[in-house]
Amino acid sequence: MALTVSQGFDIFLERLTPLQSERDAKARHRLSVETSLKGSTRFGVQLFRETGSFTHGTGIRNHCDVDLLVSMSGSQPTSDTTLNWVKDALKASFPATAVEIRRPTVVVRFAGGVEQWEILPGFRTSSQSETPIYDIPGPASGWMSSAPTAHLDYVNSTNQQVGVVGGTKKLARLAKAWKYYNRVPISSFYLEMRAAQYMAAQKSFSAALYFCGYLEWLDRMDLVDMNDPMGKAGRFSACSSVATRTLALSNLHTAATRARKVVTAEQSGNGQSAFDYLGLLFGGQFPKR
């Protein structure tokens with residue numbers, strides 16, 4: 001029997017979920033990374049905190065880096081100086097490994113990039129009794145506010161709503177898959193937080209219909225900067241520059257159009273056409289019918 005669109009999405013989402021072996025492999029370098037940074041004479045370390053898609057449960061298989069926030073102590077220099085401090089410390093510890101600044105993080109590519117870490121330096125600006133808020137490097141320059149634990153709480157809370165349990169993280173994973181398979185220059189964090197915001201207003205979840213609605217919603221808003229839904233940090237942007245935003249908007253409009261054609265084809269009983277458009281939508285990675 002030919003796959004239905006719903007069955008296709010179930011298979012696709014299972015394929016997108018990182019394997020435990022991938023998680024284990026990426027975790028192997030944590031101690032050496034932490035030891036390297038603790039050994040720096042240029043800055044002190046208060047704590048390490050894993051953030052990002054692995055922690056949030058929204059990672060994409062083979063596209064899921066380990067994000068490690070380093071809470072630094074001492075006087076706060078410029079964000080450029082801070083990133084260079086982190087890069088120099090890691091490069092000294094791993095001279096044969098590729099280490100580079102890719103704002104807002106320092107990227108370490110172990111095993112030729114198979115095991116990739118993104119190190120995010122931050123200076124805590126909130127008191128110890130309050131929700132942790134950090135100054136982290138901005139996407140282009142300077143500093144911006146971030147509240148990683150509050151953002152994780154927001155994703156988890158919308159993901160557990162009655163009627164849509166699991167829907168937020170599935171939607172975020174689909175959005176990131178679309179981004180990676182089509183090389184769309186949109187922040188994964190932005191896509192995830194918008195997915196949580198979109199699902200916060202929903203009462204049910206259907207992958208094809210809600211992914212279409214989500215893309216059309218982003219398209220209508222022109223990827224405008226997003227206010228922190230928890231009210232803890234500043235606004236965050238979808239793209240790092242005007243040029244990447246222009247490209248992302250073009251990619252998004254095409255994707256929203258294709259997603260609507262998927263829904264229309266499915267509703268009219270033309271399953272093969274729906275799968276054809278899903279193949280285009282996800283860069284040829286969606287299951288074949």
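Mentor: Asn 62 sits in the loop between α4 (53-56) and β2 (66-73). Helices and strands are DSSP runs, numbered from the N terminus (helices H or I, at least four residues; strands E, at least two). This is a predicted model, in which local features need pLDDT of at least 70, side-chain atom pairs count only at pLDDT 80 or more, and totals for chains, interfaces and linings use all residues.

Trainee: Why is Asn 62 called exposed?

Mentor: Its relative accessibility is 65%. Exposed means over 50% relative accessible area, buried under 20%, partly exposed in between (1.4 Å probe, protein chains only). Asn 62 therefore counts as exposed.

Trainee: What makes the phi of Asn 62 worth a remark?

Mentor: Phi of Asn 62 is near 70 degrees, a positive value, and the residue is not glycine. Most residues other than glycine have a negative phi. Leu 223 is another non-glycine residue with a positive phi, about 55 degrees. Leu 223 lies in the loop between α9 and α10 (242-267).

Trainee: How do you know whether Leu 223 is buried or exposed?

Mentor: By its relative accessibility, 1%. Leu 223 therefore counts as buried. Ser 237 is also placed in the loop between α9 and α10. Its relative accessible area is 31%, so Ser 237 is partly exposed.

Trainee: Which residues is Ser 237 in contact with, leaving aside neighbours within four places in sequence?

Mentor: Ser 187, Tyr 190 and Asp 225. Contact means heavy atoms within 4.5 Å.

Trainee: What makes Glu 192 count as buried?

Mentor: Its 3% relative accessibility, so Glu 192 counts as buried. Glu 192 belongs to helix α8 (residues 188-199). Beyond four places away in sequence, Glu 192 touches His 56, Thr 58, Val 155, Ala 172 and Lys 176.

Trainee: At what angle do the axes of α3 and α5 cross?

Mentor: At roughly 120 degrees, and the axes come within 9 Å; α3 covers residues 30-38 and α5 residues 79-93. That makes α3 oblique to α5. Angles under 35 degrees count as roughly parallel, over 145 as roughly antiparallel, 65 to 115 as roughly perpendicular and the rest as oblique. Axes are lines fitted to C-alpha atoms, for helices over the stretch in contact, with angles from 0 to 180 degrees between N-to-C directions.

Trainee: Which hand is the crossing of α3 and α5?

Mentor: Right-handed. Val 33, Ser 36 and Leu 37 of α3 meet Val 86, Ala 89, Leu 90 and Ser 93 of α5. These contact residues divide into five nonpolar, two polar and no charged. Ala, Val, Leu, Ile, Met, Phe, Trp, Tyr, Cys and Pro count as nonpolar; Asp, Glu, Lys and Arg as charged; the others, Gly among them, as polar.

Trainee: How do you know that β6 and β7 pair?

Mentor: DSSP must find at least two bridges between two strands. Strand β6 (residues 134-137) and strand β7 (residues 143-146) have four, in the antiparallel sense.

Trainee: What joins Arg 103 and Pro 104?

Mentor: A cis peptide bond, with omega about 10 degrees. Most peptide bonds are trans. Pro 104 is in the loop between β3 (98-102) and β4 (105-110).

Note on methods. Residues are numbered from 1 along each chain as its sequence is written. Side-chain values use heavy atoms; hydrogens and water are left out. A crossing is left-handed if the near helix is turned anticlockwise from the far one by less than a right angle, and right-handed if clockwise.
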